[in-house]
Amino acid sequence: MIGKQKASIAWPGTPLPRAFFDRSAPDVAPQLLNKILAAADGRAGRIVEVEAYVGAVDPAAHTFRGKTPRNATMFGPPGHMYVYFTYGMHWCCNCVCGSVGVGSGVLIRALEPLQGLAQMRAARPRIANDRDLCRGPARLTQAMGISGAQDGIDLVNAREGFAIVDDGMAPPENLVGGPRIGLSVGKDFPWRWSVPGSRYVSGRLVSGAASRQR
DNA sequence: CGGGCGATACCCT
DNA sequence: GGGTATCGCCCGA
């Protein structure tokens, strides 16, 4: 149907409320670990890696130099999805955080695929290993069916096909942020978090981590 | 497993 | 016109 059908999100749990996102992105980001990114069509995955980006103070943020047509969603209300296009071929998705006008958000960098694996494989036909379906920000958007058409949708009311669901699994404890990936500036902000030991996290594994699965 | 590199289009200066 | 919040292929070890 057209854009706003009543979508029932497929993974059981409670969609995160608006207030969850109405804090600074580095506060929200680690709390998103172990939550579920779920689509109305059945695809779902557990969030295992995130990065925070903060308007005005963070030179790596798209919003660093103020509002433009591309980044407008980030300056809007929290709990919406900011989807951007990069490297001429890839889409990446964020949760907008903080108050209107701040311009910050959390980039979702990796998911553990949980449900709708057949649809994910169909969306990424060249991938032989399920481990690689959602291991990376542009890979997971492809697997989940997210593109520019989803820029600006509301994740809280879940009426536009996607939501972030709390299914009762707490975030990992004693998390420490590390440097973000793929930047030429802003490398000093320790605003990347991941689920320790998860084999679905992007980037190079530290030595020995490959055998330490969970 | 890890490094190197090309692809590719849009955005903002 | 330069840079990009990346990926996948190829290669050597």
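In this predicted model, 50% of the 214 residues of chain A count as buried. The C-alpha trace of the chain extends about 45 × 40 × 35 Å along its principal axes. Chain A contains 4 helices and 8 strands, and their order from the N terminus is β-α-α-β-β-β-β-β-α-α-β-β. The radius of gyration of chain A, 16 Å, is close to the 17 Å given by the globule rule for 214 residues, so the chain is as compact as a globular protein of that length.

Within this fold, attention may turn to the open space. Rolling a probe the size of a water molecule over the atoms shows where empty space is left. The largest pocket holds about 630 Å³ of space. It is lined by 25 residues, of which Tyr84, Thr86, Tyr87, Cys92 and Gly182 are the closest to its centre. Five elements are named as giving two or more residues each to this lining: strand 3 (44-53), strand 4 (81-86), strand 5 (90-97), strand 6 (104-115) and helix 4 (137-144). Sorted by class, the lining comprises 14 nonpolar, 7 polar and 4 charged residues.

The DNA may be considered next. Around DNA strand C there are 21 residues, and those that come nearest are Tyr84, His90, Asn94, Arg139 and Ser184. Of the atoms of DNA strand C that come within 4 Å of the protein, 57% belong to sugar and phosphate. Tyr84, named here among the nearest residues, is also one of the residues closest to the centre of the largest pocket.

Which atoms of the protein and of DNA strand C form the individual polar contacts? An N or O atom in the side chain of Arg139 lies 2.5 Å from a phosphate oxygen of DNA strand C. Tyr87 instead meets a base: one of its polar backbone atoms is 3.4 Å from a base oxygen of DNA strand C.

Strand 5, strand 6 and helix 4 are the elements that supply two or more residues to the surface near DNA strand C. Helix 4 gives the most, with 3 residues. By class, this surface has 11 nonpolar, 6 polar and 4 charged residues.

Methods. Residues numbered from 1 in each chain as written. Chains lettered and ligands numbered in written order. Predicted model: local features only at pLDDT ≥ 70, side-chain atom pairs only at ≥ 80, totals over all residues. Heavy atoms only, no water. 1 Å grid on protein atoms, 1.4 Å probe; cavity = no way out; pocket = protein on both sides within 12 Å on 5 of 7 lines; lining within 4 Å. Points joined across faces, edges and corners; volume = space filled by probe spheres on them. Nonpolar A, V, L, I, M, F, W, Y, C, P; charged D, E, K, R; others polar. Near = heavy atom within 4 Å. Polar contact = N/O pair within 3.5 Å; in protein donor to acceptor, adjacent residues only side chain to side chain. Rg over C-alpha atoms; globule rule 2.2 N^0.38 Å. Buried < 20%, exposed > 50% of the residue type's maximum accessible area, 1.4 Å probe, protein only.
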